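Good morning, and thank you for coming.

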Amino acid sequence: MRPDTRLTHAGRHPEDQHGAVNPPVYRASTITFASVAEKQDRYAARLEPGTVYYGRYGTPTTAALEEAIAELEGAYGAILTASGQSATACALLACLQAGDHLLLTDSAYGPTRGFATGPLRRFGVETTLYPPTIGAGIADLLRPETRVLFCESPGSLTFEVQDIPAMVQAVHAASAAAGRTPPVIMIDNTWASPLFLQPLAMGVDVSIHAATKYIGGHSDAMLGAIACTEPLYPQLKQTMAQFGQNPGSEEAWLGLRGLRTLGVRLRQHQSTGIQLATWLSRHPAVARVMHPALHGDPGHALWHRDFKGASGLFGVELEPVAEADVHAMLDGLKLFAMGYSWGGFESLMLPTSAQLTRSTGDVPAGPLLRIHAGLEDPDDLIADLDAGLATLPTAAA
Ligand SMILES: *Cc1c(COP(=O)(O)O)cnc(C)c1O
């Protein structure tokens, strides 16, 4: 089946719901058992996909979305969590212990980095931040105690595309040569969604989503998902339950509702994003646009090889200009709202220069913006950008 057909049918079992197309929101903490034998059977299966055992381990509503995401990712199973951040935290906590070493891309989502340099450091895990475009060179950073390689592609804020197949190959080859078990390879796949990149087919073990973004798609729910291979599934599910990171069924239901239209929404986000990025790349006030679907982008060849599409999130570096001018422009925009998160139907723009704390590689100097292209008419969005950029002193150059 092709992706759009999967999106429509994955995780749906109307025969179990009196024929209703969608499962209801199951509000359940206690799950009762008809016999001691049934209680024991469900306990034994509590770390298997789809088992309804106790509310913290999931309900039929969460199981439906987990089944759908696992199918789209080509994964053995998926585990929902309370947010994208909790998905990342649970995945790392499930695979690391004191004395271990983590390789984390320098382009990681800020709070992922904060989790590594905060709680993980306190609990005795050492992190090395590597340049996102390191490719096969990642093997040189492996240590005997390296237990996790964490990727994010394209990177947050600066949108570098990582050569995931080269990294997987190099890490597996170096581990085999040293007679060691390779580290668990994880990726934050939020930007591409399960539609535009299937990391497990490239040898990645764990694919993480902030389902808050495109899967939910309407800026009204916090939700995370971890899709993984069979050997890792029980420990990831156990960690989610031990930390009590289960989402509510209402959030899972919103995720299911969003997922069904992911294909049509993403194609529009992609098209509008490319139109805005192309228009911006020709504007005199813009120094560069960071969008891997644009031909001149340094990550374009890798993106074209590995991804099936682009989402609507990209970066812009302005020509050097006073911060106050950038702020005045942002305050004056009519259609681009300012706010965290992205992936909803609405357009957003955020100044990101102050948050950009990178330790390796070529860090863009100018004022940075992060743009989310929403589902408005692209011509209206371009008119808003045009009016905003015209207020900058660099616009007339
Ligand atoms: C937003 C985001 C997260 C965190 O998701 P929340 O649901 O907000 O916790 C993780 N990774 C990336 C790339 C994100 O953009």
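The largest pocket in this predicted model has a volume of about 660 Å³. Its lining is made up of 38 residues, and Y109, G110, P111, S156 and R370 are the closest to the centre. Which elements each supply at least two residues of that lining? They are α4 (84-95), α5 (110-122) and β6 (206-210), and the largest share, four residues, comes from α5. By class, the lining has 15 nonpolar, 16 polar and seven charged residues.

Let us turn to the second largest pocket, whose volume is about 450 Å³. Here 26 residues form the lining, and E160, R288, D297, P298 and G299 lie nearest the centre. Strand β8, residues 286-290, gives the most to this lining, with three residues. The division by class is 11 nonpolar, nine polar and six charged.

Strands β10 (348-351) and β11 (368-372) each give two or more residues to the cavity lining.

Finally, the packing. In the largest nonpolar core, which has 52 residues, L149, C151, W191 and L259 touch the most other members. Helix α3, residues 60-73, provides the largest share of this core, six residues. A second, separate core has 28 residues, including A89, L92, M186 and M240. Leaving aside residues up to four places away in sequence, C151 touches M186, as well as others including T105, Y130 and D188.

Conventions: Residues are numbered from 1 along each chain as its sequence is written. This is a predicted model: local features need pLDDT of at least 70, side-chain atom pairs count only at pLDDT 80 or more; totals for chains, interfaces and linings use all residues. Side-chain values use heavy atoms; hydrogens and water are left out. A nonpolar core is a set of buried Ala, Val, Leu, Ile, Met, Phe, Trp, Tyr and Cys residues joined through side-chain atoms within 4.5 Å. Buried means under 20% relative accessible area, exposed over 50%, partly exposed in between (1.4 Å probe, protein chains only). Contact means heavy atoms within 4.5 Å. On a 1 Å grid over the protein atoms alone, a cavity is a set of points where a 1.4 Å probe fits but cannot get out, and a pocket is an open set with protein on both sides within 12 Å along at least five of seven lines; lining residues have an atom within 4 Å of a point. Grid points are joined across faces, edges and corners, and a volume is the space filled by probe spheres set on the points. Ala, Val, Leu, Ile, Met, Phe, Trp, Tyr, Cys and Pro count as nonpolar, Asp, Glu, Lys and Arg as charged, and the others, Gly among them, as polar.
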